[in-house]
Amino acid sequence: MPVPGITVDGTGLLCVTLLLRLRAAIEGAAPGTVVHVIATDPAAPLDLPAWCHMTGHHYLGPVPGDGPVYALRTAARARPTRPDAPWHGAGT
(Lines give C-alpha, C1' and ligand atoms only; values in the text may rest on other atoms or scores of the structure.)
Protein backbone atom coordinates (compact mmCIF):
# COMPACT_ATOMS: atom_id res chain seq x y z
CA MET A 1 0.00 0.00 0.00
CA PRO A 2 1.45 3.42 -0.93
CA VAL A 3 2.52 5.85 1.80
CA PRO A 4 -0.15 8.52 2.38
CA GLY A 5 0.39 12.16 1.53
CA ILE A 6 -2.69 13.08 3.59
CA THR A 7 -4.30 11.35 6.56
CA VAL A 8 -7.86 12.21 7.57
CA ASP A 9 -8.86 11.16 11.10
CA GLY A 10 -12.57 10.46 11.15
CA THR A 11 -12.57 8.52 14.41
CA GLY A 12 -16.02 8.72 15.97
CA LEU A 13 -17.56 10.59 13.03
CA LEU A 14 -20.59 9.52 11.05
CA CYS A 15 -19.90 9.16 7.35
CA VAL A 16 -21.50 12.45 6.27
CA THR A 17 -19.24 14.41 8.64
CA LEU A 18 -16.29 12.23 7.66
CA LEU A 19 -16.88 12.95 3.97
CA LEU A 20 -17.11 16.68 4.69
CA ARG A 21 -13.75 16.49 6.47
CA LEU A 22 -12.27 14.36 3.66
CA ARG A 23 -13.54 16.74 0.99
CA ALA A 24 -11.95 19.71 2.78
CA ALA A 25 -8.68 17.86 3.37
CA ILE A 26 -8.16 16.92 -0.28
CA GLU A 27 -9.29 20.20 -1.80
CA GLY A 28 -6.31 21.45 -3.77
CA ALA A 29 -4.36 18.19 -3.33
CA ALA A 30 -2.23 17.21 -6.30
CA PRO A 31 -3.64 14.46 -8.52
CA GLY A 32 -2.26 11.11 -7.46
CA THR A 33 -2.02 12.02 -3.78
CA VAL A 34 -2.63 8.97 -1.60
CA VAL A 35 -5.05 9.65 1.24
CA HIS A 36 -5.55 7.43 4.28
CA VAL A 37 -8.91 7.80 6.01
CA ILE A 38 -9.37 6.57 9.57
CA ALA A 39 -13.06 5.71 9.79
CA THR A 40 -14.90 4.00 12.65
CA ASP A 41 -18.42 4.40 11.22
CA PRO A 42 -19.63 0.91 10.22
CA ALA A 43 -20.96 2.37 6.95
CA ALA A 44 -17.50 3.62 5.87
CA PRO A 45 -16.55 0.44 3.95
CA LEU A 46 -19.59 1.07 1.74
CA ASP A 47 -19.73 4.87 1.70
CA LEU A 48 -16.07 5.58 0.88
CA PRO A 49 -15.97 3.48 -2.33
CA ALA A 50 -19.38 4.88 -3.35
CA TRP A 51 -18.18 8.46 -2.81
CA CYS A 52 -14.99 7.76 -4.77
CA HIS A 53 -17.04 6.29 -7.62
CA MET A 54 -19.31 9.37 -7.62
CA THR A 55 -16.43 11.87 -7.56
CA GLY A 56 -13.93 10.01 -9.75
CA HIS A 57 -11.27 9.52 -7.08
CA HIS A 58 -9.71 6.04 -6.95
CA TYR A 59 -10.66 3.87 -3.97
CA LEU A 60 -7.69 1.67 -3.03
CA GLY A 61 -9.37 -0.29 -0.23
CA PRO A 62 -8.61 -1.11 3.38
CA VAL A 63 -5.06 -0.51 4.60
CA PRO A 64 -3.58 -3.68 6.14
CA GLY A 65 -2.70 -3.40 9.82
CA ASP A 66 -4.30 -2.08 12.93
CA GLY A 67 -7.45 -0.05 12.86
CA PRO A 68 -10.12 0.83 10.36
CA VAL A 69 -8.06 2.72 7.77
CA TYR A 70 -8.98 3.02 4.10
CA ALA A 71 -6.99 4.46 1.20
CA LEU A 72 -7.83 6.44 -1.90
CA ARG A 73 -5.86 8.26 -4.58
CA THR A 74 -6.96 11.69 -5.76
CA ALA A 75 -7.89 12.02 -9.42
CA ALA A 76 -6.92 14.78 -11.84
CA ARG A 77 -10.43 15.26 -13.14
CA ALA A 78 -12.48 14.52 -10.03
CA ARG A 79 -16.06 15.75 -10.00
CA PRO A 80 -16.52 18.36 -7.24
CA THR A 81 -19.17 18.08 -4.55
CA ARG A 82 -20.96 20.78 -2.61
CA PRO A 83 -19.03 22.01 0.46
CA ASP A 84 -22.08 21.40 2.67
CA ALA A 85 -23.34 18.19 1.04
CA PRO A 86 -20.67 15.66 0.00
CA TRP A 87 -23.23 13.39 -1.70
CA HIS A 88 -24.29 16.10 -4.15
CA GLY A 89 -22.39 17.36 -7.15
CA ALA A 90 -21.26 20.99 -7.03
CA GLY A 91 -23.80 21.96 -9.70
CA THR A 92 -26.84 20.47 -7.93
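Student: Which residue in strand 6 does arginine 82 stand opposite?
Tutor: Arginine 82 faces alanine 85 there. This is a predicted model, where local features need pLDDT of at least 70, side-chain atom pairs count only at pLDDT 80 or more, and totals for chains, interfaces and linings use all residues. Residues are numbered from 1 along each chain as its sequence is written, and side-chain values use heavy atoms, leaving out hydrogens and water.

Student: OK, and how do strand 5 and strand 6 pair?
Tutor: Strand 5 (residues 81-82) and strand 6 (residues 85-89) are antiparallel, with 2 bridges. Pairing here takes at least two DSSP bridges between the strands. The hairpin that joins strand 5 to strand 6 runs through 2 residues.

Student: Zooming out, how many helices and strands are in the chain?
Tutor: The chain has 2 helices and 6 strands. These are DSSP runs numbered from the N terminus: H or I with at least four residues for helices, E with at least two for strands. In sequence order the pattern is β-α-β-α-β-β-β-β.

Student: What about strand 4, which strands does it pair with?
Tutor: Strand 2 (residues 34-39) pairs with strand 4 in the antiparallel sense over 5 bridges, and isoleucine 38 has valine 69 of strand 4 as its bridge partner. Strand 3 (residues 58-62) is also antiparallel to strand 4, over 4 bridges. There, tyrosine 59 is bridged to leucine 72.

Student: How many residues sit between strand 3 and strand 4 in their hairpin?
Tutor: There are 6, and glycine 65 in that turn has a positive phi of about 125°.

Student: Why is strand 4 largely enclosed?
Tutor: Because 4 of its 5 residues (69-73) are buried, the rest of the structure largely encloses strand 4. Buried means under 20% relative accessible area, exposed is over 50% and partly exposed is in between, using a 1.4 Å probe on protein chains only. Across the chain, buried residues make up 37% of the 92.

Student: Switching to helix 1: is leucine 22 buried or exposed?
Tutor: Leucine 22, which is in helix 1, is buried with a relative accessible area of 0%. Leaving out residues up to four places away in sequence, leucine 22 touches Val8, Val35, Val37, Leu48, Trp51 and Leu72. A contact here is heavy atoms within 4.5 Å. For leucine 22 and valine 35, 13 residues apart in sequence, the C-alpha to C-alpha distance is 8.9 Å.

Student: And what does alanine 44 touch?
Tutor: Beyond residues up to four places away in sequence, alanine 44 touches Cys15, Ala39, Pro49 and Tyr70. Alanine 44 belongs to helix 2 and is buried too, with a relative accessible area of 0%. Its C-alpha is 14 Å from that of proline 86, which lies 42 residues away along the chain.

Student: What share of the chain's contacts with a separation of 6 or more is between residues 24 or more positions apart?
Tutor: They account for 63% of those contacts.

Student: What about the overall size, how far does the C-alpha trace span along its principal axes?
Tutor: About 40 × 25 × 20 Å. The radius of gyration is 12 Å, which agrees with the value near 12 Å for a compact globule of 92 residues. That radius is taken over C-alpha atoms, and the globule rule is 2.2 Å times the number of residues to the power 0.38.
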